[in-house]
Amino acid sequence: MSLKNKVTGDLQIEFPVIMAPMFLVSNEAMMKAGMQSGVMAVFPTLNYRGEGELDKLLHALNNFKVSVKVSGNFGVNLIVQQSNPLYKKHLKICVDNKVPFFITSLGNPGEVIEQAHAYGAKVYCDVTNLVHAEKCASLQCDGFIAVGQGAGGHAGPNPLHILIPALVEKFPHIPVIAAGGIASGIGMLSVLAAGAQGFSIGTKFIASKEATVSEAYKNAIVESGMDDIVMTTRLSGTPCSIINTPYAKKIGYQQNAFERMLNENKTIKKYFKMLTQIRGMKKLEDSVKPGNYKTLWCAGKSVEMIDSIESCEDIITSLRNEFEVAAKNFVKQLNQG
Ligand SMILES: Cc1cc2nc3c(=O)[nH]c(=O)nc-3n(C[C@H](O)[C@H](O)[C@H](O)COP(=O)(O)O)c2cc1C
């Protein structure tokens, strides 16, 4: 089923799925598979922190896009917070490589929007509420990624069926992509009904053949259900959804009183947040390696609907087929009465 709209036009893709950026999970093979399957494949620049790595990957993706004549496209995710020490450096490398699409998270996306628009790239901003959306809209963002409850990573506090219509009503000209808990055709159809024009899907792609995380992590995605997902502030200071492994239970889900105090202190909060994030990144990095028992595995509630490890191409094909079936069934249901 074709689903052409502003998002497919803006992002130059065939079907409005974003393979969501995932710290330590997104990789080159996943990006290429997504591009070949007609979707927008996005990775966080922080996955390529070594000298020259990001530039090399962007070269490779730009070449791939031209040489293979893909029906999808690629983009990057930039954490635009001051606590990301690589932000400015990574933005420059992305702009130099004319990255066609950006997703910004946290912080102020103004600089990214200005520099990306200078050469015609699009910038969609992660939003979890109307206040941040207002800020992004005033800076001329091209779209919103509405991150709702149940999402993998930094899930939002609001249900998508409230957040999306609220965004559409307040900003009718800015397209909204739904993120959080989508891993099936029914999930896609439901957010489309709420007013979204596309779907950002993360957790389901952790259980992909191309992902290079440990088999134990992939198996945990397949075996876990929605009640196995808990929120923790132990990783970055911001609530993050993880699988409730024995290690997660052991270390608890909250920062202690001293850490919370440092997080709120005006003078040191920037440095403390940076430190917390570096420590959290290290913990996550160790967790995705094989044989590590200190498992902190980031995932959203859509684990409930994930039953197997498949290639990215198969995942995308199934999603498109399921969407078609769900849409047809829904029309039948409407006509039954
Ligand atoms: C393992 C993992 C890592 C993530 N890392 C990032 C990240 O680095 N930057 C970001 O903006 N979002 C990140 N996210 C959030 C995703 O981009 C996306 O919003 C989310 O996965 C959508 O919800 P879903 O997991 O329910 O499909 C991450 C999500 C997961 C599961």
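1. In this predicted model, strand S5, residues 122–127, is mostly covered, with six of its six residues buried. Lys122, Tyr124 and Asp126 point one way from S5, while Val123, Cys125 and Val127 point the other way, and all are buried.

2. On the side of strand S4 (residues 101–105), the pairing with S5 is parallel and consists of four bridges. Within this pairing, Phe102 stands opposite Val123 of S5. Between S4 and S5 the chain passes through helix H5 (residues 110–117), and this β-α-β crossover is right-handed.

3. Strand S6 (residues 143–147) also runs parallel to S5 and is joined to it by four bridges. Here Asp126 stands opposite Ile145 in S6. A right-handed β-α-β unit is made by S5, helix H6 (residues 130–138) and S6.

4. Which residues come nearest to the ligand? Of the 26 residues around it, these are Ala20, Gly152, Gly153, Gly202 and Gly300. By class, the shell around the ligand divides into 14 nonpolar residues, eleven polar residues and one charged residue.

5. As to where the shell around the ligand comes from, at least three of its residues are drawn from domain 1 (6–211 + 306–336) and at least three from domain 2 (215–301). Strand S8 (198–201) and helix H9 (203–206) each supply at least two residues of this shell.

Notes
Residues are numbered from 1 along each chain as its sequence is written. This is a predicted model: local features need pLDDT of at least 70, side-chain atom pairs count only at pLDDT 80 or more; totals for chains, interfaces and linings use all residues. A residue is near a molecule or strand if its C-beta atom, placed from the backbone, lies within 6 Å of it. Ala, Val, Leu, Ile, Met, Phe, Trp, Tyr, Cys and Pro count as nonpolar, Asp, Glu, Lys and Arg as charged, and the others, Gly among them, as polar. Domain bounds come from an automatic or database domain assignment. A residue is buried if 20 or more other C-beta atoms lie within 10 Å of its own, exposed if 12 or fewer, and partly exposed in between; C-beta atoms are placed from the backbone. Two strands pair if DSSP finds at least two bridges between them. A crossover is right-handed if, with the strands pointing away from the viewer, the path from the first strand over the helix to the second runs clockwise.
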